[in-house]
Amino acid sequence: MERWHGKVAVVTGASSGIGAAVAEALVDNGCIVAGLARRKEKIEQIAARLHSKVGKLYALKADVGVEEDILTAFKWVQENLGPIHILVNSAGTGRPTNLIEGETTDFKCVLDTNVLGLTIATREAVKDMRKNNIDGYIVHINSVMGHRVFNLATENVYPASKHAITALTETLRNDLKRIGSKIKVSSVSPGLVDTEIFASNGFFKLKGVAEIIGMLPKIQSKDVADAILYLLGTPPHVEVTELTIQPTGGVS
């Protein structure tokens, strides 16, 4: 991780869960981190707790489902922090509905955040890395549902959004290869993670969901953050294309 010390990292969805854990891990390792989320105050609370660490966390208000927010945030990072070396696309959302009865607004929210937001943030990061001749690193937080569709009642467009990340990772790798870039890209696909995504998106309002989720084995956000540190620690000639992380004894 020494080569990333003092370097700028952008983490989307940094207000909670995996994004917050990744932001903290990068700060612990000396990175200058720009955390993006709608709930800026949550990132500010994390930043205050990390004030004595080697690196530093900056809180930026941005809805990753809104292109203008992403562009504004990246512009601020470039003008105030410097060239981007790392991007971790952690922002993601889901909606407790189905494809038969779901509202278009719910479908669009998931796709705008999980797919288009990730794609736009990646484009802006790669543009900045190429402009500054940086062999950076792009990490997409995917899901096991980006490789398999489970028989669950509230999946709707969520698996499709995560399958898109699987495809986008490989498409980006091909694009970078064609131009001779050394920027690395990895997909990280966790199984069930103990985060607030279910509660904050209304899943626990459905009968029995909280009880079922409560019984299932889970990994912690820190486990995913540790995996990302491993990826960043790989030598330049090594590229981990896909990393799947499951709770021991979990659903597979």
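Buried means under 20% relative accessible area, exposed over 50%, and partly exposed in between, with a 1.4 Å probe and protein chains only. By that scale F107 is buried, at a relative accessible area of 16%. This is a predicted model, in which local features need pLDDT of at least 70, side-chain atom pairs count only at pLDDT 80 or more, and totals for chains, interfaces and linings use all residues. Residues are numbered from 1 along each chain as its sequence is written, and side-chain values use heavy atoms, without hydrogens and water.

**F107**
- F107 sits in helix α4; helices (H or I, at least four residues) and strands (E, at least two) are DSSP runs numbered from the N terminus.
- Beyond its neighbours within four places in sequence, F107 is in contact (heavy atoms within 4.5 Å) with T97, N98, L99, G102, N156 and V157.
- G55 is 52 residues from F107 in sequence and 37 Å away in space, C-alpha to C-alpha.

**Helix α2**
- I43, I46 and A47 are buried in α2 (residues 40-49).
- Viewed down the axis of α2, its buried residues fall within an arc of 100° (directions from the helix axis to the C-beta atoms), so they line one face of the helix.
- These buried residues pack against α1 (17-28), β2 (32-37) and β3 (56-61).

**Helices α3 and α4**
- The axes of α3 (residues 67-80) and α4 (residues 104-131) come within 10 Å and cross at roughly 25°. Axes are lines fitted to C-alpha atoms, for helices over the stretch in contact, and angles run from 0 to 180 degrees between N-to-C directions.
- E67, I70, L71, F74 and Q78 of α3 meet residues of α4, including G117, I120 and R123.
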